[in-house]
Amino acid sequence: MPTPRLWSWNLSPFAGKVRVAFAEKDVAIELVEIDPRQRPKRLRELNPTNRVPVLELDDRTAVRESTAICEWLEDTHSGTPLWPADPDARATARGLLRWVDDELTTNFFLSMRKEAFGLEDEDHPELVTLLRSRLQQRWSTAEQLLSRTDGPWLIAGEAPTLADLAAAPLAVRLPAWKPDLVPDAEAFPQVDAWLSALRERPSSAEVDRRGAPAADR
Ligand SMILES: N[C@@H](CCC(=O)N[C@@H](CS)C(=O)NCC(=O)O)C(=O)O
């Protein structure tokens with residue numbers, strides 16, 4: 001199988017989630033870095049939404065959406081499983097992954113993007129503050145979810161599942177970009193342990209990884 005090509009942006013948490021998953025699985029990818037302000041024409045050909053990540057498999061096949069790309073990775077490669085083997089645990093993990101993406105990752109990274117690139121005309125003027133307060137409100141739910149296992153992962157077991165790995169970009173970026181938003185370790189000890197465990201994995205280095213600029217291709 002030729003090395004798959006991942007269209008990526010190093011600041012994208014969804015591209016970061018895919019890079020982390022490939023590293024956990026020990027599968028090589030060719031990384032193409034986009035500049036979100038000047039997206040290459042080829043990106044829209046591969047993905048009409050013009051978003052990253054996109055996995056280009058060959059001239060005619062591209063997989064869009066970070067979770068779909070990770071599912072493809074799991075289905076096509078052996079090695080460390082990204083999902084639990086048990087169907088009940090697997091379904092639970094899929095639901096938790098969705099929650100991490102929608103409630104943790106999106107609230108934080110959208111607030112950063114809106115702060116950096118500015119609000120759209122239709123956005124609420126306090127959108128950045130709203131998104132951050134939504135994130136703060138989610139820590140107690142995260143604490144409850146993590147308290148159901150012996151830790152540090154969302155599903156009981158030695159290794160993280162994709163539901164955990166999806167939070168790696170948040171675990172790395174939150175203390176680096178907005179230390180004041182890091183959940184209080186005394187109030188949320190399980191969340192603190194979870195984010196630390198993600199940061200300690202070698203795969204967390206992928207959060208910062210940049211590819212070769214798309215313009216060079
Ligand atoms: N649900 C998508 C989200 C992808 C996404 O929002 N990508 C962002 C970067 S983090 C993007 O390319 N946004 C461009 C835009 O919204 O115009 C996934 O999981 O892949």
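Author: What follows describes one helix pair, its geometry and then its contacts. The model is predicted, and local features need pLDDT of at least 70, side-chain atom pairs count only at pLDDT 80 or more, and totals for chains, interfaces and linings use all residues. Residues are numbered from 1 along each chain as its sequence is written.

Two packed helices are described by the angle between their axes and the distance between the axes. Helix 4 (residues 87-117) and helix 5 (residues 127-147) pack at an angle of about 155°, with their axes 9 Å apart; helices here are DSSP runs of H or I with at least four residues, numbered from the N terminus, and axes are lines fitted to C-alpha atoms over the stretch in contact, with angles running from 0 to 180 degrees between N-to-C directions. Helix 4 and helix 5 are therefore roughly antiparallel to each other, a term that applies to angles over 145 degrees. The crossing of this pair is left-handed, that is, the near helix is turned anticlockwise from the far one by less than a right angle.

As for the contact itself (C-beta atoms, placed from the backbone, within 7 Å), helix 4 contributes L96, E103, L104, N107, F108, L110, S111, K114 and E115, which meet L127, V128, L131, R132, R134, L135, R138 and L145 of helix 5. By class, the residues of this contact divide into nine nonpolar, two polar and six charged, where Ala, Val, Leu, Ile, Met, Phe, Trp, Tyr, Cys and Pro count as nonpolar, Asp, Glu, Lys and Arg as charged, and the others, Gly among them, as polar.

Elsewhere in the model, strand 3 (residues 54-58) is joined to strand 4 (residues 61-64) by a hairpin through two residues.

Key:
Angles under 35 degrees count as roughly parallel, over 145 as roughly antiparallel, 65 to 115 as roughly perpendicular and the rest as oblique. Two residues are in contact if their C-beta atoms, placed from the backbone, lie within 7 Å. Two strands pair if DSSP finds at least two bridges between them.
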